[in-house]
Amino acid sequence: MKNTVTLVGFVGNNPEVRETKSDATITNISLATTRSYKDSEGERQQDTEWHRITCFNGIGKCVAKHVTKGAMIMVTGRIHYTKWTDQNDITRYGCEIIAEQVDFLSKAREKSAD
């Protein structure tokens with residue numbers, strides 16, 4: 001059995017870094033992937049999905065140091081689902097990608113000074 005996912009997309013935010021009480025580093029980013037397809041009328045459409053990426057320790061520190069919003073990266077990791085009950089006693093679900101490898105494909109484009 002295998003739980004592996006590979007995503008290539010653009011980073012939607014600058015990395016958010018936090019440390020746990022046990023000194024683990026956790027870095028979160030959002031990643032946009034877009035697929036193109038033709039609809040029933042033959043018109044080209046695009047569908048963008050946003051993925052929550054969680055990076056731990058060394059990978060997280062590297063992502064925090066080298067990645068900014070707009071960069072293109074490739075993430076290889078595993079899908080992780082969570083389930084919890086909120087303060088209103090409603091069951092909630094979440095999904096994230098736990099990164100095992102992050103490859104930097106391109107830097108964010110610089111804004112031109114006009």
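This is a predicted model: local features need pLDDT of at least 70, side-chain atom pairs count only at pLDDT 80 or more; totals for chains, interfaces and linings use all residues.
**Strand pairing and overall build**

Leu7 stands opposite Val75 in β5. Residues are numbered from 1 along each chain as its sequence is written, and side-chain values use heavy atoms, with hydrogens and water left out.

**Layout**

- You get one helix and six strands here, with helices (H or I, at least four residues) and strands (E, at least two) taken as DSSP runs and numbered from the N terminus.
- Going along the sequence, the order reads β-β-β-β-α-β-β.
- The radius of gyration is 17 Å, well over the 13 Å that the globule rule gives for 114 residues, so the protein is more spread out than a compact globule. That radius is taken over C-alpha atoms, and the rule is 2.2 Å times the number of residues to the power 0.38.
- Along the principal axes, the C-alpha atoms fill a box of roughly 50 × 40 × 35 Å.

**What β6 pairs with**

- Strand β5 (residues 72-85) lines up with β6 in the antiparallel sense, over 14 bridges.
- Within that pairing, His80 has Glu96 in β6 as its bridge partner, and Lys83 stands opposite Tyr93.
- β5 and β6 make a hairpin with five residues between them, and Asp89 in the turn has a positive phi of about 65°.
- Strand β4 (residues 44-56) pairs with β6 (residues 91-106) too, in the parallel sense and over two bridges.
- Ile53 has Ile97 in β6 as its bridge partner.
- As a general point, side chains in a regular strand alternate between the two faces of the sheet.

**Burial, contacts and surface**

- Buried residues (under 20% relative accessible area, 1.4 Å probe, protein chains only) make up 31% of the 114 residues.
- Of the contacts (heavy atoms within 4.5 Å) with a separation of 6 or more, 55% come from residues 24 or more positions apart.
- The protein exposes about 8500 Å², with carbon and sulfur atoms supplying 47% of it; areas come from the Shrake-Rupley method with a 1.4 Å probe.

**Charge**

- There are 16 positive and 15 negative side chains, and the centres of the two sets lie 4 Å apart.
- Lys and Arg count as positive and Asp and Glu as negative, while His and the chain ends are not counted.

Definitions and conventions:
Two strands pair if DSSP finds at least two bridges between them. Buried means under 20% relative accessible area, exposed over 50%, partly exposed in between (1.4 Å probe, protein chains only). The place of a charge is taken as NZ of Lys, CZ of Arg, CG of Asp or CD of Glu.
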